[in-house]
Amino acid sequence: MTLLARHNPQDAYRRVDFDARVTGCDPMELVGLCYEHLIAALGSALFAHERGDNATKSKAITRALSALTALQLGVNGNEGVAAALRQFYQAARQAVLDSVLTFDPEQISRVRADFVDIASALVVNAKPN
């Protein structure tokens with residue numbers, strides 16, 4: 001059995017797309033990509049939960065945690081906005097981890113909505129004047 005035969009083709013295409021988009025990103029684009037990845041993963045977890053698909057939900061939660069880890073590692077400094085981001089990312093991470101054993105769709109929806117709001121603000125602020 002080949003490596004590709006053991007994996008979902010959709011996962012392979014998603015990975016190739018993600019890798020291609022990461023190449024050449026500046027730091028703000030990379031943050032935006034992590035937000036996009038996190039928002040999509042949380043949405044997938046919610047959808048999988050509604051359908052009773054625990055395997056897909058687990059994969060989505062793992063992707064969300066990966067995006068949160070990348071965001072946490074990307075914060076520089078310990079003061080001001082950096083401290084607030086660290087606290088925010090840690091709280092989001094804890095909320096996602098809490099849903100591993102007992103999935104709480106309302107909590108995951110709130111976390112997702114928070115990141116959607118911030119991502120929208122990032123896009124607005126990134127536009128040239």
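1. A nonpolar core is a set of buried Ala, Val, Leu, Ile, Met, Phe, Trp, Tyr and Cys residues joined through side-chain atoms within 4.5 Å. Buried means under 20% relative accessible area, exposed over 50%, and partly exposed in between, with a 1.4 Å probe and protein chains only. The largest such core here has 26 residues. Leu38, Leu42, Leu71, Val96 and Phe115 have the most contacts inside this core. Helix 2 (27–51), helix 3 (54–73), helix 4 and helix 5 (105–126) each supply at least two of its residues. Helix 2 gives the largest share, eight residues. In soluble globular proteins, nonpolar side chains tend to be buried together.

2. On the basis of the values: this is a predicted model, in which local features need pLDDT of at least 70 and side-chain atom pairs count only at pLDDT 80 or more, while totals for chains, interfaces and linings use all residues. Residues are numbered from 1 along each chain as its sequence is written, and side-chain values use heavy atoms, with hydrogens and water left out.

3. Overall layout. The protein has five helices and zero strands. Helices (H or I, at least four residues) and strands (E, at least two) are DSSP runs, numbered from the N terminus. The order of elements is α-α-α-α-α. Of the 129 residues, 26% count as buried. The accessible surface comes to about 8600 Å², and 58% of this surface belongs to carbon and sulfur atoms. Accessible areas come from the Shrake-Rupley method with a 1.4 Å probe; for residues, only the protein chains shown count as cover.

4. Contacts along the chain. Contact means heavy atoms within 4.5 Å. Among contacts between residues at least 6 apart in sequence, 58% join residues at least 24 apart.

5. Helix 2. The expected span of a helix is 1.5 Å times one less than its number of residues. For the 25 residues of helix 2 this gives 36 Å, and the end C-alpha atoms are 36 Å apart, which agrees. Its buried residues are Leu33, Cys34, Tyr35, His37, Leu38, Ile39, Ala41, Leu42, Ala45, Leu46 and Ala48. Gly52 follows the helix, with a positive phi near 75°.

6. Leu42. Setting aside neighbours within four places in sequence, Leu42 is in contact with Ala64, Val96, Ile108, Val111 and Arg112.

7. Helix 4. Residues 81–101 make up this helix of 21 residues. From first C-alpha to last it reaches 32 Å, close to the 30 Å expected at 1.5 Å a residue. Ala82, Tyr89, Ala92, Ala95, Val96 and Ser99 are its buried residues. They cover an arc of only 155° around the axis, which puts them on the same side of helix 4. The arc is that of the directions from the helix axis to the C-beta atoms. On the other side, Gln87 and Leu101 are exposed.

8. Aromatic pairs. Rings of Phe, Tyr and Trp (its six-membered ring) pair if their centres lie within 6.5 Å; planes under 30 degrees apart count as stacked, over 60 as edge-to-face and the rest as tilted. The structure holds five such pairs. Tyr35 and Tyr89 have ring centres 6.4 Å apart and planes at 70°, so this pair is edge-to-face. Tyr35 lies in helix 2 and Tyr89 in helix 4, so the pair ties together parts 54 residues apart in sequence. Tyr35 and Phe115 also form an edge-to-face pair, 5.1 Å centre to centre with 65° between the planes. That pair links helix 2 to helix 5, with its residues 80 apart. Tyr35 is buried at 2% relative accessible area, and Phe115 is buried at 0%. Tyr35, Phe88, Tyr89 and Phe115 form one aromatic cluster.

9. Helix 4 against helix 5. Ala95 is in helix 4 and is buried at 4% relative accessible area. Val111 is in helix 5 and counts as buried at 9%. The C-alpha atoms of Ala95 and Val111 are separated by 7.7 Å, at 16 residues apart along the chain. Not counting residues up to four places away in sequence, Ala95 touches Gln107, Ile108 and Val111. Val111 and Tyr89 are 10.0 Å apart, C-alpha to C-alpha, and 22 residues apart in sequence.
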